[in-house]
Structures are given as structure tokens and as C-alpha cells.
Amino acid sequence: MTAVDDRPTTEIGSARLRKEDQRLITGRTKWTDNIQLPGMVHLAMVRSPFAHARVSGIDTAEAKALPGVIAVLTGSDIADIQGLNITAWPITTDQKAPDHLPMVVDHVACAGEIVAVVAARSAAVARDAAELVDVDYEELPAVLDLKEAATDAVLAHPSLGTNKSAFWQLDSKAGGTGGDIEEAIATAREGGILIEREYRQQRLIPSFMEPRSTVVDPTGDQVVLWSSTQVPHLVRFGIAATTGLPESKIRVIAPDVGGGFGGKLQTTPEEFVTLAVARTLGKPCKYTETRSESMVSAHHGRDQWQKLTLAAEKDGTVTGLKVELMCDLGAYAGLVGGGVPVLGAWMFNSIYKFGAYQFNCTNYYTNKTWVDAYRGAGRPEATYAIERLMDELAAEVGVDPMEIRRKNWITHDEFPFASVAGMTYDSGDYEAATEKALGLFGYDELRAEQQRRRESGDPVQLGIGISTFTEMCGLAPSRVLGSLNYGAGGWESASIRMLTTGTVEVITGASAHGQGHETAWSQIVADRLGVPFENVEVLHGDTQIAPKGMDTYGSRSLVVGGEALVRAADKVIEKAKPLAAHMLEAGVDDLEFAAGRFTVKGTDKGIGLTDIALGIWTGHDYPEGLEPSIDADATFDPVNFSFPHGTHLCAMEVDTETGATTMRKYVCVDDIGTIINPLIVEGQVHGGLVQGIGQALWEGAEYDEQGTLVSGSFVDYTLPTAADTISFVTDHTTSPSTSNSLGTKGVGEAGTIASTPAVVNAIVDAVRHLGIDDIQMPCTPERVWKAIQSAGGTTDAAPVADAQAHFDEGAPNQDPAAGTTDGAGQ
Amino acid sequence: MTRITVNVDGVSCTDEVEPRMLLVHYLREVVGKVGTVVGCDTSNCGACTVHLDGRSVKSCNVLAVQADGHDVTTIEGLSSNGELHPMQAAFHENHALQCGYCTPGMIMQAVDLVTENPNPSEEEIRVGLEGNLCRCTGYHNIVKAVAAAAGSMSSERTEAR
């Protein structure tokens with residue numbers, strides 16, 4: 001690989017306006033639901049209103065009789081061809097996973113499961129007919145609460161015999177990466193500090209703005225499937241692996257896709273049912289979900305109980321962390337499914353130097369919507385836990401929470417750093433990011449104001465929240481995935497086609513759905529090949545155009561896919577070099593390449609790359625033994641993850657009389673290595689922040705005791721609006737990643753991972769003097785108010801409880817705050 | 001079926017529609033204006049926002065028959081003579097969109113907001129866009145874009161005087 005410093009840098013780092021925008025701001029976008037094909041049939045799903053039931057009969061006669069209805073199909077009608085929604089990551093070899101049929105044949109495991117499908121001439125008729133399908137259900141007892149699921153008193157899938165899916169552990173002593181956690185805890189219990197907490201990661205709904213839609217055209221021999229998916233290549237694999245259709249006959253296209261956030265990282269029942277109906281009828285079919293269907297049937301995110309034990313010395317030096325997770329998978333193990341919480345295993349230790357560490361994760365099934373990746377996937381949960389704990393430790397020691405972090409974090413001269421969880425952090429500078437953030441925030445002034453408000457007994461108290469986060473992204477080195485029993489690789493692919501008339505086609509296996517790949521990829525290729533930005537066309541999201549790819553999730557597109565692009569570009573140059581030598585009548589060693597031209601050293605003789613492309617297209621004159629093409633492909637498999645980090649500071653005002661919270665200021669300084677396009681990066685950070693803030697303050701998927709999702713629309717599932725949010729102060733420090741030649745780190749998930757604990761830490765900080773050390777998310781005014789009302793009643797009035805209860809084996813939640821909130825365990 | 005005549009983006013359209021048909025479905029399925037999109041089924045998200053006689057409406061909240069005899073402007077009719085509307089340009093220049101799904105509705109609402117209040121404060125912009133949900137941008141750049149467009153729209157008006 002050529003040295004990082006000698007490449008042209010005109011495009012990389014420039015705030016190019018996006019190529020994608022023109023069609024999006026003028027309404028010329030190609031959403032899946034826009035597709036109309038001749039003879040197209042519209043589908044509507046009949047879904048179970050029950051969380052757990054046996055289907056004893058389905059009467060479709062009345063629905064079939066409705067004018068305009070073409071067919072009504074049930075699970076048994078398509079059982080042979082419907083395939084299976086796969087799980088790619090059985091986290092242990094003995095993981096229990098029920099088959100996830102796209103359409104139920106007889107057993108419903110969560111509300112919203114598809115039990116029948118109507119095909120009709122219009123979407124409106126299909127929906128009318130779906131209302132007329134008469135399904136007999138035998139209701140079964142449903143298990144809805146995660147902790148109850150762990151008792152196996154009621155089974156989500158009686159045939160499994162247990163609700164437990166798998167147990168997974170990472171232990172620093174066993175792995176040789178650190179000490180014995182039990183020893184660290186015992187020592188701390190004797191003469192140090194032990195912080196024991198139980199935190200709730202509530203269930204969230206990804207809430208991409210474009211409802212999912214699938215169009216399937218069975219064109220005789222081939223099947224074309226358009227879908228609003230993040231993962232066209234994985235969908236194609238899933239279809240081929242489970243429906244009997246040969247992979248070579250399946251073309252999957254993700255046209256413009258309106259957001260995903262992990263929510264479209266899935267093979268969906270709806271895709272498979274639409275495919276089955278299209279194959280059965282031999283006609284193109286379209287299914288577009290309503291938002292209410294999306295809320296209950298698209299997978300959810302998070303949903304953990306976290307039992308945490310942090311051991312430290314009296315001065316606040318952390319000696320060990322033990323993590324025990326209970327995770328709700330919902331009714332099925334999704335594509336990543338059980339592996340999502342496991343992604344947190346390497347992140348609970350975060351930026352800190354812990355002597356000992358143990359991560360335990362037990363996954364359970366319940367009769368709720370299945371849970372899978374949502375922006376951050378495992379890492380926000382981990383970051384929340386450790387950043388909340390560091391604040392609790394600071395309170396216990398009686399120092400500023402930033403001081404406790406400084407005492408424990410990895411210093412800039414310790415990189416590369418082998419973490420207690422077994423990861424090697426390649427680069428970073430936590431001190432630099434923190435110094436910059438503190439300055440931008442006006443930390444000392446805000447602390448002084450906080451003190452004044454405390455002293456004056458102001459009913460509106462000020463709190464400051466810190467989150468010094470890191471994450472691992474750029475999924476992922478294939479060998480690492482293999483060692484974790486993951487079913488696929490983590491490489492990415494790119495191709496570059498040098499067209500005859502001077503433009504360049506770039507094919508990427510990443511599949512953008514709002515990120516701006518067309519723009520950023522153009523910048524990288526323009527620099528590398530010395531061609532104008534405008535002359536680069538980026539093609540993606542169609543398995544026939546981009547046949548190889550692992551798609552877009554896990555902040556991987558740039559750090560993995562971007563590197564594939566660099567390598568393909570370098571191959572183009574390498575292939576063109578002997579041709580240039582031939583055309584210039586010079587030796588290969590006498591040539592140098594810069595700004596799109598090969599020149600003979602010390603002369604003004606030269607030829608442009610695009611001229612070589614035209615010359616080799618004619619093929620009239622080229623050296624023996626070479627192929628007449630300078631196009632190139634590359635597949636890049638990363639050797640390490642990338643580890644972005646940052647310091648996020650949040651000031652929250654809490655009205656102690658009403659529980660209302662108001663965000664006053666939010667500052668973040670992120671280190672994401674080399675930045676290709678600062679405009680796109682800022683956008684990713686802003687959007688990420690608000691999703692994390694949404695978890696802290698507003699969002700939560702709530703079920704009633706029947707297993708009905710009561711936050712099943714945008715009326716009840718309260719997404720942040722413009723009026724709820726503020727403008728942010730964002731900045732960067734730069735420690736280039738060493739695992740790819742551009743020096744980039746992922747940024748897609750950083751804001752979401754970092755912001756949730758910053759906000760909750762700020763709220764708790766505002767009311768800690770009232771004796772409050774936790775408020776369960778989302779920190780609604782009601783919960784904050786109740787915590788304030790019950791403070792002193794359920795916790796010591798002193799800010800530092802000197803005799804905290806320790807966890808007893810099998811004891812229920814002992815976090816005092818959890819008892820004060822509604823919906824615990826829901 | 002009911003016969004309606006609606007002027008959509010400057011073109012008079014006469015069609016037979018079911019009385020229950022929503023304006024957004026009429027625009028998408030009958031007229032072919034697929035630039036206007038559906039994001040929810042509870043009138044919360046605003047993705048389907050269009051102008052009815054020059055004022056913003058959520059087209060999922062209006063029946064097609066109610067638009068009979070009226071003018072509808074969609075995102076596809078906003079630019080004129082091949083020039084982007086200042087609001088469209090501002091969204092592009094300020095990176096106020098990512099996936100772009102909320103963008104047509106957001107732009108139509110923002111145009112209405114600035115028409116009503118030519119010099120809005122950040123607070124007024126935020127409140128004015130409260131009925132339009134975006135999941136990608138965190139609203140930061142949308143607010144910036146609307147403020148920028150308000151500035152350029154007001155200087156256009158000054159020049160026109």
C-alpha cells in the first residue's frame with residue numbers, strides 16, 4: 001500500500017454537497033412503493049392480535065368472495081416454498097432457536113405475526129378483504145416479562161422446553177487478558193468500593209421513516225425482488241438458502257431506501273411471503289406495510305436487564321467489572337439476534353484500564369416482537385452501563401465525574417492498547433478530545449452555576465452529564481466472526497470500471513440508505529485516480545450490478561468498503577502502468593503516477609488514465625501477455641475493528657416541581673480518524689445524538705398484560721421532534737485508524753452510543769443531592785417527578801449511600817430507583 | 001365513485017375516485033405524484049405534506065374529494081423553470097437530508113412556515129416543524145436550512161420590489 005501521505009488530497013476532507021440530494025429534494029426518488037408493474041397484484045397481511053396462540057382454523061371464503069380479490073393464502077398453502085427467516089449468529093453451538101417461518105402455520109409466538117395474506121387488484125381491496133379473513137385462535141398463556149421468562153414458568157415456545165436461548169461468557173482470567181473478577185470483587189468488598197447496580201435498557205423501535213415495502217416480479221425463469229432493505233445481498237442469500245430457488249436466479253434490488261438504523265438489517269417475513277405469493281400466482285406482487293404494522297412486526301432493539309458490579313480501590317481506581325445481562329430476543333432469534341448483546345462484550349470496559357473483567361449474557365425468548373440490531377447494537381447498552389457506573393463511582397469517592405474517568409482511562413501514549421476484553425485499540429487520544437469538549441462546553445462555568453442553584457434551592461436544578469465513549473465498528477474481520485460462530489464474513493467488495501469516454505463507474509457491495517455513499521465514494525475515487533469528482537458514478541444496492549457485498553450496518557461501509565475501493569483503484573493504476581509504458585515507449589520503472597496521469601520521470605511526456613482506458617478499449621495496440629482492460633475488483637477483509645471515541649457533555653435542567661427536563665447544551669468532540677466529508681459526518685453525528693437522546697428521554701416500546709404493543713403508532717411511540725431538540729456543538733480530534741489506509745473510523749453509530757448516558761447522567765446529576773442515584777429510561781417527567789417524590793423514602797437522603805445492599809444470588813432487582821418507576825420489567 | 005377535478009402542480013386532472021380515497025393516495029396512485037410519500041397512518045409524521053391552495057396540509061388527512069376544485073402543489077411542482085425553490089436549494093446546501101424520505105413533506109411545511117413568518121427565530125422554526133418527523137438528521141441542519149432559505153426568500157422579495 002502506498003504511504004498515506006503521498007496521495008492527492010483535494011477531495012478527501014472537502015465538504016462536498018451530496019450527489020444524492022437532487023432526486024430527493026425534487027421528489028424524483030425511487031422508493032420501492034413507487035414501483036408499478038403491469039399486472040401487479042397488491043397484498044395485505046392478516047396478522048395475529050394475540051401474543052401467543054394456536055391457529056385452529058382459517059375461513060377465507062368471505063374474503064375470497066370480495067370483488068377484486070385474486071387469492072387468499074394461508075401458511076399451509078405456501079409451507080413448501082415460503083422458506084425461513086434465518087439467524088446468522090447462533091452465539092453458541094447449542095443455542096436454542098425456534099424456526100422462524102415467514103407465515104405462521106399453526107403457532108403464533110407474538111402479536112403481529114402473519115397468519116394469512118390477501119392478494120387483490122388494489123391495496124385498498126386487499127386490506128378490506130384482510131378484515132374478512134376469519135381466524136380461529138386458541139389463546140395460549142404468554143410470557144411477556146423478561147425476568148419471568150427466565151423462570152420458565154410460562155414458555156414462549158412450548159416445543160423448546162425452555163425460554164433460554166443461550167448463555168455466553170467472556171472472562172478475562174480464562175482468556176488470559178486480565179485477572180480474576182471474583183477476586184477483585186472480594187478485595188473491593190473488604191476494603192475498597194463496590195458499586196452494584198441494575199439498569200434497564202428499555203425496548204426501542206428503530207422507526208425508519210420509510211415503511212418497509214417489497215415488490216417481487218417472477219419473470220419466468222428469474223425472480224426480481226425490490227425491497228427497502230439495508231442488506232440486499234443477505235436477503236438474496238437467505239432466499240437461496242431456504243426457499244429452494246437457485247441463488248443465480250434471484251436478483252435483489254434495494255432502490256432508494258428511506259432509513260434503516262439496523263431496522264432493515266433483516267430478512268423479513270414480509271419479503272418471503274410476498275415472494276411466495278408472487279411465485280404461486282406467477283404475477284408481480286407488491287406489499288407495503290402501514291406504520292402501525294411496522295411498529296409491531298419490524299424488529300425492535302435493546303431490551304436488557306443489566307446487573308453490574310464495579311470493583312474499585314478507595315481512591316477510585318477501578319479493579320474489575322462484572323456484567324450479567326438478561327436479554328429479551330422476543331419471539332425469535334433474528335438475523336444478528338442473539339449476537340447483538342454479545343457485541344457489547346468488548347465494550348463494557350470502554351476506554352478504561354480494568355484489572356479484571358467478566359461478561360455474562362443470557363438470552364431469553366418472550367412472546368413479544370423479535371429483537372435485533374438497532375443503531376449501535378450492543379454497544380449503546382454497554383456504554384450506557386459503564387458511563388452510568390463511572391458517575392456512581394465518582395459520587396461514591398466524592399470527586400468530579402471527569403476526574404474518575406481521567407484516573408482510569410487509557411492515556412494517549414499507551415496505544416496500541418490491549419484491553420481487558422481482548423481487543424487491541426489501535427489509536428485514540430481521550431485527553432485531547434476531552435480538553436476540547438470541556439472548553440467548548442464551558443464546563444467550569446456550568447459547574448459553578450449548578451452550585452449556585454443548589455445553594456439557592458432553585459426549583460429548576462442543573463445537571464451535567466459526561467459520556468467518554470468508545471466503540472468498536474467496521475464489522476468485521478472475517479476470521480474473528482468465524483471464531484464467534486457468526487455465519488458470514490465481514491469483508492467488502494468494490495469494482496472500478498474505467499469507461500471509454502472518461503467517466504468512471506464504481507461498484508460497491510455496501511448498500512446505502514441515506515448515508516451518502518455516492519458522494520463520499522466519489523471523493524475517494526476522484527482523489528485516488530485523479531479524475532473529477534463529477535465523473536465518478538457510484539452503483540450499489542442491486543445484486544445484478546454489485547454481485548458481491550456484505551451491505552451496510554455496524555458503521556462498516558467506509559472503513560471496510562472504502563478500503564476495498566482504495567485497493568480496487570490501486571489495482572486500476574497497477575494494470576494501467578505497463579500499458580502507459582507501452583504507449584509512452586518508456587520503461588515501467590521510469591513512470592510515476594499523479595493526478596490521473598502517468599509521466600516519464602524528468603520529461604514532460606505523459607498520458608492520462610482516461611486516455612489509457614480509451615486506448616485499451618480499442619485494443620488495437622497493447623503488449624503481448626496483458627489483458628485489454630484496466631478495470632479492477634478488490635475484496636477487503638479487515639484485520640481489526642476501528643475504535644472511534646469521543647467526549648460528550650450534556651447540560652440538563654430539571655424542574656424538581658414537575659419532573660420536566662430541558663436540554664440546555666450538548667457538546668461532543670468525536671475522534672473518528674480521517675474525515676472524508678465533514679458535512680456528511682456532522683449529519684451522522686447530529687442524527688445519532690437525537691436517537692440516543694430519544695432513548696434517554698422519550699422512547700419505549702410498551703406492552704400491556706395481554707402482549708399487545710400499546711406504543712404501536714407514532715401517537716404513542718414518541719419520536720423526538722424539532723421542537724423537542726436543540727442545536728448541537730460538534731467538533732473533532734483526529735487520531736487516524738491504523739487498520740485501513742485512509743485512516744478512517746466509523747461514525748454512523750457514534751452519536752447514538754454516546755448520547756444516552758450523557759443525558760441520563762445529567763438528569764441524575766441534577767437531582768443527586770436529593771438522594772437519587774438512578775432514574776429508569778425513558779426519563780419522562782412522570783418518572784423524574786416520582787423519583788424526586790420518593791427520594792429519601794426509598795434511598796438514603798445522603799448523596800452517597802455508605803451501606804449499599806449487595807447482590808444476593810437470585811435476588812430480584814435491588815436498585816432502589818427501579819422500584820419507583822412504572823413499567824419495570826415490561 | 002365520484003368525479004373530481006384537481007389542479008395538481010399546474011395541470012388540471014379529472015378523475016373518478018372512491019369517496020374514501022385519501023388525497024395522498026390520489027396523488028400517488030392516480031396522478032402518479034410519487035414524490036409525495038406516506039410515512040405513518042396517524043397523521044403524525046408529515047411526510048405527505050403538500051400545499052392545498054397555497055397552505056400546507058397533511059395529504060393523508062384530506063380526502064381526495066375535498067380537493068375537488070382546488071389547487072394542489074407537491075414537491076414535484078415546487079421548482080420553476082428548472083430552478084430549485086430556495087427551500088430546496090437550502091436543504092441541499094445545508095445537508096438537511098439524509099435518507100430523504102421526510103424531505104418532500106419537510107420542505108413543503110418549511111415553505112409554508114416561511115411564507116407565514118418570513119423571519120422566523122430558531123424556536124419558531126422548531127415549533128413550526130413539530131408536525132414533521134425526521135429520523136436521520138436530528139433536525140439540526142433542517143433548522144439551519146430553513147433559516148437560510150428564509151434569508152434568501154426575503155432578499156428575493158426585496159429585489160422584486
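Tutor: What follows goes from sheets to helices, then to domains and chains, and ends with some backbone details.

First, the ground rules. This is a predicted model, in which local features need pLDDT of at least 70, side-chain atom pairs count only at pLDDT 80 or more, and totals for chains, interfaces and linings use all residues. Residues are numbered from 1 along each chain as its sequence is written, while chains are lettered from A and ligands numbered from 1 in the order in which they are written.

Start with a sheet in chain A. It is open, has 7 strands and mixed pairing, and runs in the order β3-β5-β1-β12-β9-β10-β11. Strands here are DSSP runs of E, at least two residues long, and helices are runs of H or I, at least four residues long, numbered from the N terminus. Two strands pair if DSSP finds at least two bridges between them. The edges are β3(A), residues 69–74, and β11(A), residues 250–253. Each has a single partner strand, so one side of each is left without a neighbour in the sheet. From one strand to the next, the twist averages 20 degrees. Angles run from 0 to 180 degrees between N-to-C directions, and axes are lines fitted to C-alpha atoms, for helices over the stretch in contact.

Now look inside that sheet. β1(A), residues 41–47, and β12(A), residues 285–288, run parallel and are joined by 2 bridges. His42(A) stands opposite Lys286(A) in β12(A). Helix α4(A), residues 123–132, packs on the sheet and touches β1(A), β3(A) and β5(A). Its direction makes about 25 degrees with that of β1(A). Contact means that the C-beta atoms of two residues, placed from the backbone, lie within 7 Å. Helix α8(A), residues 232–243, also packs on the sheet, touching β10(A) and β11(A). The direction of α8(A) makes about 150 degrees with that of β11(A).

Chain A has an open sheet of 4 strands as well, ordered β21-β20-β19-β25, with mixed pairing. β21(A), residues 536–539, and β25(A), residues 632–636, are the edge strands, each pairing on one side only. Neighbouring strands are turned by 20 degrees against each other on average, direction ignored. β19(A), residues 492–498, and β20(A), residues 504–508, pair in the antiparallel sense over 5 bridges. Ile496(A) has Val506(A) in β20(A) as its bridge partner. Helix α18(A), residues 557–584, packs on this sheet and touches β19(A), β20(A) and β25(A). Its direction makes about 145 degrees with that of β25(A).

Next, a helix pair in chain B. The axes of α2(B), residues 86–93, and α3(B), residues 103–116, come within 9 Å and cross at roughly 125 degrees. The two helices are therefore oblique to each other. Angles under 35 degrees count as roughly parallel, over 145 as roughly antiparallel, 65 to 115 as roughly perpendicular, and the rest as oblique. Met87(B), Gln88(B) and Phe91(B) in α2(B) meet Thr103(B), Ile107(B), Ala110(B) and Val111(B) in α3(B). By class, this contact has 5 nonpolar, 2 polar and no charged residues. Ala, Val, Leu, Ile, Met, Phe, Trp, Tyr, Cys and Pro count as nonpolar, Asp, Glu, Lys and Arg as charged, and the others, Gly among them, as polar. His95(B) sits in the loop between α2(B) and α3(B). It is not a glycine, yet its phi is positive, about 50 degrees.

Step out to the domains. The assignment for chain B gives domain 1 (2–76) and domain 2 (86–160), with bounds that come from an automatic or database domain assignment. Their C-alpha centres lie 22 Å apart. In the contact, 15 residues of domain 1 of chain B meet 11 residues of domain 2 of chain B. On the domain 1 side, β3(B) gives the most, with 3 residues. That side divides into 6 nonpolar, 8 polar and 1 charged.

Then the chains. The contact takes 41 residues from chain A and 45 residues from chain B. On the chain A side, α20(A) supplies the largest share, 6 residues. The residues of that side divide into 18 nonpolar, 18 polar and 5 charged.

Last, two peptide bonds. The bond from Leu475(A) to Ala476(A) is cis, with omega near -10 degrees. Ala476(A) lies in the loop between β18(A) and α16(A). The bond from Met777(A) to Pro778(A) is cis, with omega near -10 degrees. Pro778(A) is in the loop between α21(A) and α22(A).
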